[in-house]
Amino acid sequence: MLSSRVRSHLLLQKRLLHATSAVRGALTSKPYAFTARPWELNRTESIDTMNAMGSNINIQTRGTDLMRIVPRTNDDINEEWIDDKTRFAYDGLKRQRLTQPLVRDSENPAQWDSTMSNWRDALNRVKSSAFSGNTKPSMRAIVGPSIDLHSAVALSDWVAGASSNSPFLETLGSVAVSNDLPNHFRFGTTFAGVEESDLALLVGTNLEVDCPLLIARMRKPYLADQLSIFSIGYHNNLRFPVQQLGLTADVLVEVAEGRHPFCAQLATAAKPMIFIDASVFERSDGPTLAGAVEAIAEFSNLRQVDEEGNITWNGVNVIHRNSNDVGLLELGRTEAFAPEKCADKVDFLYLSNVGADDLPVSVQELRESANFIVYQGTHGDELAAAADVVLPSCAYSEKSGVYVNMEGRVQQGRFALAGPGLARDDWKIVRALSEVCPGEALPYDDEDQMQERLEQLLPSASSKGYVEQSQMIPENNWQLTKVMSRGRVNKTPFTPVNYDFHLQGHAVARASQTMAKCSQNLSETRSNFA
């Protein structure tokens, strides 16, 4: 018989061994396990494009294969964390990729012409079909919200000069009530500033899906008994208590008008903040709700200004969903996608990094809105199959690109490995088109010249890694939307936009088998009460 002291000692050893093995197992990435040794890998510092946070990552490759993606420490953004989508969706880079140009057979439109699967023939088909007349064609250009700024600038410059109607780029990402004031669409406190706040109000956002890493930031002041969290709209499962104020927009208006009991607590908070989903501004009462937020800032410490007019605390945090939503808004050359424009047929429709799942209209409806369609992107889907010409482009890990996260922080994504087949950088494809098609060729030939052009339009692009300090415009120059009567507010509850975290929002995630399995497993366990 073992003594009680010996038994307890053996039990302690067993528990320590179990805990050690559990920790060791938790650090193993199943998709990466037993595929490579760490010293065999090349590491490239880059930026995640799966969401609007712009997490810093290391892309680790071996030869022509991407082996894994791991976090890169940046205390101002993601600290040492990344979410599962960022970490595991990379297998989508190897599936459903477009590897060569595709040109519709002129004699049999139901098939691709196998003799024209090269860049020369594809660009010449665009020239002969879209620019066949003596006049410039009417054009429409739609870009995905994860397009890098170099590509957006190049496409905007080319469309403005080559078309008869000089359209703005249409984006499927976030919209803003006013593009002129970055304070109205940025994440004002910065991610690190979340830890300084003592009160948070969530409006129409589901942080668990939209930006899960923010929950880790909020947890720190909560555990220190510093932060109180309230919510209007969708129930947030933050793993710590959230006090629900209501489900509909009229609650926010009551707070703005000072008629809600919550106002007393808001008025005494030293550094309050509001998390408001960008989709709120897309509602029919979006301008009214934007005005409500500005009214709240008037009687609270939501915005604080020093003697020189510099904003020392901006508690208005707009939550975006895509990697370059804020970058496209600050560029000032985009407008929201308008489904009603499909009724006005154009000569030439150009699609860049747009997925069929991103569209609020059917592929057939979009196909009938143009005489000729060019699809430029990384992955093939129903939308690419409906195009007349398909131009393969490189993914975020296969090119250098500039992205602006929702703080307004400009960051540089870097080339880690070559794209598949004949895929090329997006902006270089547009540059080649400008040279082949009628009109003046774009005046930049390399990345340095492309960056100079971007900095002409967006001066903050020269300050990579930093958030420029904002200034408060005097009140008499503000064109703020006043809070309207309660009858002008939509009474429908706030609803989350992104439901399937693992598959929605990025072409690479949609092509990932790992993300598909995660989505399936989650849907099997989800209930109406989750």
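An open sheet of 7 strands, with mixed pairing, runs in the order β4-β17-β16-β15-β5-β6-β14. The model is predicted: local features need pLDDT of at least 70, side-chain atom pairs count only at pLDDT 80 or more, and totals for chains, interfaces and linings use all residues. Residues are numbered from 1 along each chain as its sequence is written, and side-chain values use heavy atoms, with hydrogens and water left out. Helices (H or I, at least four residues) and strands (E, at least two) are DSSP runs, numbered from the N terminus.

- Two strands count as paired if DSSP finds at least two bridges between them.
- Strand β6 (residues 169-171) pairs with β14 in the parallel sense over 3 bridges; Leu169 has Thr334 of β14 as its bridge partner.

**Helices across the sheet**

- Helix α3 (residues 119-130) lies across β4, β15 (346-352), β16 (370-377) and β17 (389-392), and runs at about 140 degrees to β17.
- Helix α4 (residues 149-162) lies across β5 (139-143), β6 and β15, and runs at about 170 degrees to β5.
- Axes are lines fitted to C-alpha atoms, for helices over the stretch in contact, and angles run from 0 to 180 degrees between N-to-C directions; contact means heavy atoms within 4.5 Å.

**Helix α13 and its packing with α4**

- Helix α13 (residues 426-436) packs with α4 at an angle of about 20 degrees, the axes being 8 Å apart.
- This makes α4 roughly parallel to α13 (angles under 35 degrees count as roughly parallel, over 145 as roughly antiparallel, 65 to 115 as roughly perpendicular and the rest as oblique).
- The crossing of α4 and α13 is left-handed (the near helix is turned anticlockwise from the far one by less than a right angle; clockwise would be right-handed).
- On the α4 side the contact is made by His150, Ser151, Ala154, Leu155 and Trp158, and on the α13 side by Asp426, Trp427, Val430, Leu433 and Ser434.
- The residues of this contact divide into 6 nonpolar, 3 polar and 1 charged (Ala, Val, Leu, Ile, Met, Phe, Trp, Tyr, Cys and Pro count as nonpolar, Asp, Glu, Lys and Arg as charged, and the others, Gly among them, as polar).

**Packing of α3 with α13**

- The axes of α3 and α13 come within 10 Å and cross at roughly 60 degrees; the two helices are therefore oblique to each other.
- Helix α3 passes α13 in a right-handed crossing.
- Trp119, Leu123, Asn124, Val126 and Lys127 of α3 make the contact with Ile429, Ala432, Leu433 and Val436 of α13.
- By class, this contact has 7 nonpolar, 1 polar and 1 charged residues.

**Individual loop residues**

- Glu79, in the loop between β3 (65-71) and α2 (84-88), has a phi near 55 degrees, a positive value in a residue other than glycine.
- Glu79 is buried, with a relative accessible area of 9% (buried means under 20% relative accessible area, exposed over 50%, partly exposed in between, with a 1.4 Å probe and protein chains only).
- Ser166, in the loop between α4 and β6, also is not a glycine and has a positive phi of about 45 degrees; Ser166 is partly exposed, with a relative accessible area of 40%.
- Glu468 lies in the loop between α14 (447-457) and α15 (507-510) and is partly exposed, with a relative accessible area of 40%.
- Leaving aside neighbours within four places in sequence, Glu468 is in contact with Arg186, Ser460 and Ser463.
- Glu468 and Glu407 are 61 residues apart in sequence and 9.5 Å apart in space, C-alpha to C-alpha.
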